[in-house]
Amino acid sequence: MLKYLQKTFALLLTVVLLSTLLMACDTVTTAESETATASSTAAYSSLPVAYTDKELSASPAKLPPLPYDNTALSKAIDAETMKLHHDAHHAAYVNNLNDALKNFQNLQKRSVESLLRDLNSVPEDIRTKVRNNGGGHLNHTMFWQIMSPEGGGEPTGELAQEINTTFGSFDQFKQQFNQAGASRFGSGWVWLVRNPQGQLQITTTANQDNPIMEGSYPIMGNDVWEHAYYLRYRNRRGEYLNNWWNVVNWPEINKRSQLSLKQS
Ligand code: MN
């Protein structure tokens, strides 16, 4: 009887060991295929982020004019906030970026996108300044374009379908985006990105970080720094996030999504 029990135990042990071994092999296979997916979508590395047709120049960086009047987005954002946000905050990112790069002619020749994608190639003593101010310049340049006085409503075309497939419905997408934006602690951004696997995903970043720093392509993003909403909404970030949908420029966002699909 004892021998029988010993044999059974030995058999069980073998089965357990074999399954563990098989599971380990499986994990290795999964890890390899994930690496393969990530490297095959490194194609985002050649996509412009600031605009759909050109990268953002750093020789020198220039403040782009607002594509509309300060009062134009009043369905969501008051004129004074627009003026301060563009003329003071965005302008400061531009000036500080130029200041950081002033002694680095080789870096000035590169685009802001390229600097942010490869921050390790930026000397350590100016790296944080380039990250914060290059990111600020890039994020805001995109931000002004993805809003419009004629904005609002719902997306159409391929992006609308993809949003429905990924998030269930447009309303569920909005809800998740607002929730993510409300939960971002402190200053930062909430994004709809195309991730390295080519799928739509809602993410947030701290400070002025941009999703390209993690290999994702930013299709749209909302600024949740207090400077973006505090004059009108005070501490009610949720209300700002809700109202913001009234000025969202879907044709421009659709263009950005199409661009990311071409190279995903
Ligand atoms: Mn801002």
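**The sheet and the helices around it**

Modeller: The chain has ten helices and three strands, where helices are DSSP runs of H or I with at least four residues, strands are runs of E with at least two, and both are numbered from the N terminus. This is a predicted model: local features need pLDDT of at least 70 and side-chain atom pairs count only at pLDDT 80 or more, while totals for chains, interfaces and linings use all residues. Residues are numbered from 1 along each chain as its sequence is written.

Along the sequence, the elements follow the pattern α-α-α-α-α-α-α-β-β-β-α-α-α. The chain has 264 residues, of which 32% count as buried (20 or more other C-beta atoms within 10 Å of the residue's own; 12 or fewer is exposed, in between is partly exposed, and C-beta atoms are placed from the backbone). Of the contacts (C-beta atoms, placed from the backbone, within 7 Å) between residues at least 6 apart in sequence, 72% join residues at least 24 apart.

The mean pLDDT (the predictor's confidence in each residue, from 0 to 100) is 89, and 83% of the residues reach 70 or more. Residues 20–41 have pLDDT below 50, and this stretch makes eight contacts in the model beyond near neighbours in sequence. Where pLDDT is low, the predicted coordinates should not be read in detail.

Seven bridges join S1 (residues 188–194) to S2 in the antiparallel sense. One of the bridge partners in this region is Gln201 of S2, which faces Val193 across the pairing.

H5 (residues 124–145) in turn meets H2 (residues 79–101): their axes come within 8 Å and cross at roughly 140 degrees. This crossing is left-handed, that is, the near helix is turned anticlockwise from the far one by less than a right angle, clockwise being right-handed. Among the contact residues are His90, Tyr93 and Leu97 of H2, and Ile126, Asn133 and His137 of H5. By class, the contact of H2 with H5 has six nonpolar, seven polar and one charged residue (nonpolar: Ala, Val, Leu, Ile, Met, Phe, Trp, Tyr, Cys and Pro; charged: Asp, Glu, Lys and Arg; polar: the others, Gly among them).

Leu66, in the loop between H1 (2–40) and H2, touches His86 and Trp144, residues up to four places away in sequence not being counted. Leu66 counts as partly exposed because it has 18 C-beta neighbours inside 10 Å. Between Leu66 and Met82 the C-alpha to C-alpha distance is 9.1 Å, at a separation of 16 residues in sequence.

Terms used:
Two residues are in contact if their C-beta atoms, placed from the backbone, lie within 7 Å. Axes are lines fitted to C-alpha atoms, for helices over the stretch in contact, and angles run from 0 to 180 degrees between N-to-C directions. Two strands pair if DSSP finds at least two bridges between them.
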